[in-house]
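Please look over the sequence and the model shown here. A short briefing on some of its elements follows.

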Amino acid sequence: MKLTPSALLTAAALASALTLPSCNDAKTAATAETSTPASTAMSGTAATTAAEDSAAKAGTTAAPDPSTIPAGSIADAATITARPQVPILCYHQIRDWRAKDSKGAKDYIVPVDAFKKQIQMLADSGYHTILPDQLYAYLTTGAKLPSKPIMLTFDDTDLDQFTVAKPELDKHNFKAVYFIMTVSLGRPRYMSKAQVKQLSDEGNVIGSHTWDHHNVKKYQGEDWVTQIEKPTKTLEEITGKDIKYFAYPFGLWNPEAIPELKKRGMVAAFVLAEKRDPQDPLFTIRRIIASGYWSARTLHNSIVQSF
């Protein structure tokens, strides 16, 4: 089941629901690209053994650092685009709805019980979480992935991603990607630097989500330093690791952003339900927002139909 256009949220509605700016899907899942489900297309040539699947689910499958992959081994854009897409979910707030939450904002606020059921469904359905280095290796070289791969991503640094979502993922040995807005670090209802470091130390991946969520399409001059360069350095100081992955605020991007991201060490970037750029598919990797209105079954259907 796909979202209807009315099920999606405007940027204004979302901004009114949160203290700091947050993500907004520019298009609905209904307008997204569709392709052969990755879980089906990868079941043969890109499936690992049962032992490898178990290791992958536990977050222990190693993938090469993108910088170690020879340039001559990286596929061209057309080949990358043609590979079956891996389902990628985008979460924001994980908390119960409040009386003041707007109808639109509830798309971005997944109630705790609903979130638990969604994660349990993924585990029961045999999905295995993967991380960006694995995805990069698959897209660029055709490296194998576990059967039924999926990536879980969380945007905007909300505290409930650590206090509520993380324990549920831990129950199933799932790992995730956390795209951090550095302006919010340590503020009430947002994660601290220590919590971000803990996520990284425990095998999750920390990515950049700008300093304060400004629309990338509006950047000029020093904005690239303020919004990308400095926050990236901050996250690298916190985690002790290179920051290589970026999520566009609101899922919005333009071709001018891609070389700027590359200059600042990014090897891939994530949009939302927009079509991928055929010239730079690694910098327009699709995700869908996991709606607060969705049951576990609806989420499953959306994964199958959207990827």
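How many bridges join strand β6 (residues 177-180) to β7? Four bridges join them, and the two strands run parallel. This is a predicted model, in which local features need pLDDT of at least 70, side-chain atom pairs count only at pLDDT 80 or more, and totals for chains, interfaces and linings use all residues. Residues are numbered from 1 along each chain as its sequence is written, and side-chain values use heavy atoms, with hydrogens and water left out.

- Helices (H or I, at least four residues) and strands (E, at least two) are DSSP runs, numbered from the N terminus.
- Strands pair if DSSP finds at least two bridges between them.
- Tyr178 has Ile206 of β7 as its bridge partner.
- From β6 the chain passes through helix α8 (residues 193-201) to β7, a right-handed β-α-β crossover (clockwise from the first strand over the helix to the second, with the strands pointing away from the viewer).
- In β7 (residues 205-208), Val205 and Gly207 point one way and Ile206 and Ser208 the other, and all are buried (under 20% relative accessible area, 1.4 Å probe, protein chains only).
- In a regular strand, side chains alternate between the two faces of the sheet.

**Helix α6**

- Nine of the 10 residues of α6 (residues 132-141) are buried, so the helix is largely enclosed by the rest of the structure.
- Among the buried residues are Pro132, Leu135, Tyr138 and Leu139.

Note on methods:
Buried means under 20% relative accessible area, exposed over 50%, partly exposed in between (1.4 Å probe, protein chains only).
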